[in-house]
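Reader: I have a structure open and would like to learn how to read its features. Could we take them one at a time?

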Amino acid sequence: MASFVKATRFLARLRLAIFGPSGSGKTLTALRMAHGIGGKIGLIDTERGSASKYADHPKYSFSFDTLLLEDKTLRGYIEAVRSAAAAGYDVLIIDSLSHGWRELLLEVERAARSKFGGNTWAAWSEGTPKQMAFIETLLNYPGHVIATMRSKTEWSISKKSDGRSEVVRLGLAPEEGKGIEYEFDLLLEMSEDHLGRVLKDRTGKYQDQIIEMPGEQFGKDLANWLGTGVAPSQEDFLNFLLPIAISMGVLADRAKVIHLKTILTLSPFATTYGRENLDELKKWLEVFNRIRRAGNLSPEDAAMAATKELQA
């Protein structure tokens, strides 16, 4: 029988979603917060290079790498996130998620017409697993994630006291799948006046606050909170490393942590896991994968050869 254990807050990585109308400052806010968090910043751009215009911003000295995402299907997003993991970006900005959701809606509509006799509900049997696979990739990213989303106005029809119907404006909602807000630690709604309203906050420090032009300091404060906790276990580190190993081709998409653990027990890093030796681990995995594929060797022989090559 499973038993309960005392809850412990581990060192964590930020999962932040920013949504708002055009001109509300979503991209600028994401970049400012990322620089406040610090580290190497990568940005997946689905907005035809618009984020790169901030590279020469007159007020902020932004330094970041960008990837222009041409394939806006969820598979394209997943490949881009895995590339960012392999490149070792400490903070990943996705600007924005909304294009992937639109593409998924189109895929579901096409599937409904071609396979399900026009039944869109049935067609989601193919769409939902794709959305879940993308969310899983996002949550497993080995760094901080800041994602922007466009917003849409939500309306409702209600009955007035005299029995007549009226259309009521409920407010703005992210242009994404329903329930997407559950996947993030912090949900920030930006207004046209560049005010950020915190709709969800797992830190408990900012819930329902309105922050004027949230930026670097907000990012620093969040990073400080995330950095106070218990160091993750070996198993947590392997979960952290798993998407990197998959993106490098060392493991297949459905590989489990145990497969990665088996490979790493053959490495010089069998007893030392941690962010401090991540670069060395990645180098060893690259060499291991190259040697194993080129010579069709067993994992044991490839591991021995990789170790010798790096120690030479």
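Reader: How many aromatic pairs are there by the ring rule?

Author: Rings of Phe, Tyr and Trp (for Trp, its six-membered ring) pair if their centres lie within 6.5 Å; planes under 30 degrees apart count as stacked, over 60 as edge-to-face, and the rest as tilted. By this rule the count is five aromatic pairs. One of them joins Trp101 and Trp124, which are stacked, at 5.7 Å centre to centre with 25° between the planes. Trp101 belongs to helix α3 (residues 98–115) and Trp124 to helix α4 (residues 120–139), so the pair links distant parts of the chain, 23 residues apart. Helices here are DSSP runs of H or I with at least four residues, strands are runs of E with at least two, and both are numbered from the N terminus.

Reader: What kind of model is this, and how are residues numbered?

Author: This is a predicted model, where local features need pLDDT of at least 70, side-chain atom pairs count only at pLDDT 80 or more, and totals for chains, interfaces and linings use all residues. Residues are numbered from 1 along each chain as its sequence is written, and side-chain values use heavy atoms, leaving out hydrogens and water.

Reader: Is Trp101 buried or exposed?

Author: Buried means under 20% relative accessible area, exposed over 50%, and partly exposed in between (1.4 Å probe, protein chains only). Trp101 has 14%, so Trp101 is buried. Trp124 has 23% and is therefore partly exposed.

Reader: Why is the pair of Tyr206 and Phe218 edge-to-face?

Author: The planes of the two rings, Tyr206 and Phe218, stand at 80°, with the centres 4.9 Å apart, so the pair is edge-to-face. Tyr206 sits in the loop between β8 (195–201) and β9 (210–212), and Phe218 in helix α5 (residues 216–226). Both Tyr206 and Phe218 are buried.

Reader: Which residues touch the most other members of the largest nonpolar core?

Author: A nonpolar core is a set of buried Ala, Val, Leu, Ile, Met, Phe, Trp, Tyr and Cys residues joined through side-chain atoms within 4.5 Å. The largest has 58 residues, of which Ile94, Leu241, Leu251 and Trp284 touch the most other members. Helix α6 (residues 234–247) gives the largest share of this core, eight residues. Another core, of 27 residues, lies apart from it and includes Leu16 and Ile146.

Reader: Which residues is Leu241 in contact with, leaving aside neighbours within four places in sequence?

Author: Contact means heavy atoms within 4.5 Å. For Leu241 the partners are Leu260, Leu264, Leu278, Leu281 and Leu285.
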